[in-house]
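Have a look at the sequence and the model, then work through the steps below.

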Amino acid sequence: MEATAKAHTNIALIKYWGKRNEELFLPMNSNLSITLDQFYTITSVQFCECLTADKFYLNDTLATEDETKKISEFLDLIRNLSGVKKYAVVDSTNKVPTAAGFASSASGFAALAAAATKALGMDIDEPTLSTIARRGSGSACRSIYGGYVEWKKGQLPDGTDSHAEQILPEEKWDLSILSVLLEPKQKKILSREGMKRSVETSPFYQGWLDTVDEDLEVAKQAINQRNFEMLGDVLERNAMKMHATTLGANPPFMYWQSATFDVMEKVQELRESGIHAYFTIDAGPNVKVLCQPKDEEYVREALMSVTSVQDVFTCHPGPGISYLPQTKRKTCC
Ligand code: PMV
């Protein structure tokens, strides 16, 4: 009753921003991401009779009660689906620079969903796996697939039609995604809280909803046509609109810090000099910059020259879920 799975993290080009159902993690809008090749989580799950509670190791260290509670609640969903009552030992290694402010929840819950369902021998297809991963963290449902991925918001109240699907495999269009690391300065407002406050209080949220479907259509068309400028224009616009909802919230909040602006300005400067580079930002101060592989080195150097930039990690479109042979991991008895 054990299995190991690997899942890569993803970056949204058209954002998931706002839930229509908090408990089921159902989004207000469909959205689109690229799965990244460099950042991933490997998770082993072993269910065993000898355990009296779930045990969670993160990067070789026994996790805190709070961290374990989140994992346990997620495993409860899978236990309910499978009918198996046993507890599990979960051993997770993050190759995502989490301390540096990059979210690992997408790869984390995708890997956990895949390993736990496999360990229990559950016979489920990828869309169903995607709906399960979604319940850990919305964006995790996209990490089941590689390449360019759309999360269709679905319509059913039980969320069974709210899952991701691949729109283009990773090898069909190479792009460079540069993750720019800034020195974290402020306390993080979690995406869950930020979304809720924007939906409930921001007068700009309606503007987001009124235009996001069109952004998504333009992005899909751009991917279909491999039109980088068209994709870049819409992804940057879409990120700006998401962040505008936070400025209109009550109380207002902002994920950007001064260094975020420095990077945004550098990207604009690059564009003015004829290099096609575009930025996107999630629920934190760090910036991801997209460009074409031929410009990757030049853009990286330009970004590294910004004083407040600590590091730049270069990624390309990466694969979906994979299952690994059992290695020597933490065991229960
Ligand atoms: O899935 P969560 O709760 O990590 O929310 C992700 C929200 C954004 O990163 C801001 C947008 C997105 O689509 O990934």
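**Exercise 1.** At what angle do the axes of helix α2 (residues 105-119) and helix α3 (residues 126-134) cross?

*Solution.* Before starting, note that this is a predicted model, where local features need pLDDT of at least 70, side-chain atom pairs count only at pLDDT 80 or more, and totals for chains, interfaces and linings use all residues. Residues are numbered from 1 along each chain as its sequence is written, and side-chain values use heavy atoms, with hydrogens and water left out.

Step 1: the two axes (lines fitted to C-alpha atoms over the stretch in contact, with angles from 0 to 180 degrees between N-to-C directions) cross at roughly 125° and come within 9 Å.

Step 2: that angle makes α2 oblique to α3, because under 35 degrees counts as roughly parallel, over 145 as roughly antiparallel, 65 to 115 as roughly perpendicular and the rest as oblique.

Step 3: F109, A110, A113, A114 and T117 of α2 make the contact (heavy atoms within 4.5 Å) with L129, I132 and A133 of α3.

Step 4: sort these residues, and you get seven nonpolar, one polar and no charged.

**Exercise 2.** Describe how helix α7 (residues 258-272) packs on helix α8 (residues 296-304).

*Solution.* Step 1: the angle is about 140° and the axes lie 10 Å apart, which means α7 is oblique to α8.

Step 1: on α7, the contact uses V263, K266, V267 and L270, and on α8 it uses Y298, V299, A302 and L303.

Step 2: here the sorting gives seven nonpolar, no polar and one charged.

Terms used
Helices (H or I, at least four residues) and strands (E, at least two) are DSSP runs, numbered from the N terminus. Ala, Val, Leu, Ile, Met, Phe, Trp, Tyr, Cys and Pro count as nonpolar, Asp, Glu, Lys and Arg as charged, and the others, Gly among them, as polar.
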